[in-house]
Amino acid sequence: PDGADITLDETSKVVTLVYDAELSDWLVVSGHRYNGVNALGDLGGGTDDINLNNGRTVTATVSTSTQTFTFSNPLSDSDAFDLYLTNGGSQTVNWPASVDWAGGTAPTLTTSGVDHLVFTTPNGGTTWYGYVAGLDMS
């Protein structure tokens, strides 16, 4: 992201790429140490924080009522995380106001199944870009 090379010299290091269709190019959105899966479980509605200190691969299930997400602790520069959300379309899901979605609209999530969403930030969480990596993964 800053023009410097990213050295993947340990198996715990990862780099996140996002394809930009307008530029027809892959963009490096983050390079960081992988620190495990942040398994939030069945959330049951309400507000839940996705704390990036707990892992940049996040799993969660929506099942009971309106679910609101917040994001915390991104790196001070660019960062990214993957969210595997189960049954996201079965309830209303509210995203932080800082999320800008591809096409300007949050995706319609799967009622019964798993959706894979990617969130990236070039500025420490001031703005998050949301992308669909896959809907109704099966």
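Analyst: Start with burial: buried means under 20% relative accessible area, exposed over 50%, and partly exposed in between (1.4 Å probe, protein chains only). This is a predicted model: local features need pLDDT of at least 70, side-chain atom pairs count only at pLDDT 80 or more, and totals for chains, interfaces and linings use all residues. Residues are numbered from 1 along each chain as its sequence is written, and side-chain values use heavy atoms, with hydrogens and water left out.

User: Why is Asn-51 called buried?

Analyst: Its relative accessibility is 18%. The cut-off is under 20%. So Asn-51 counts as buried.

User: What makes the link between the side chains of Asn-51 and Asn-73 a polar contact?

Analyst: The two side chains make that contact at 2.9 Å. A polar contact is a pair of N or O atoms within 3.5 Å; within protein, one must be able to donate a hydrogen and the other to accept it, and residues adjacent in sequence count only if both atoms are side-chain atoms.

User: Which strand holds Asn-51?

Analyst: Asn-51 lies in strand E4, residues 46-51. Strands (E, at least two residues) are DSSP runs, numbered from the N terminus.

User: How do you know that E4 pairs with E6?

Analyst: Two strands pair if DSSP finds at least two bridges between them. Six bridges join E4 to E6 (residues 67-72), and the two run parallel.

User: What makes E4 an edge strand?

Analyst: The open sheet has the order E4-E6-E8. E4 has a single partner strand, so one side is left without a neighbour in the sheet.

Terms used: Helix = DSSP H or I, 4+ residues; strand = E, 2+ residues; numbered from the N terminus.
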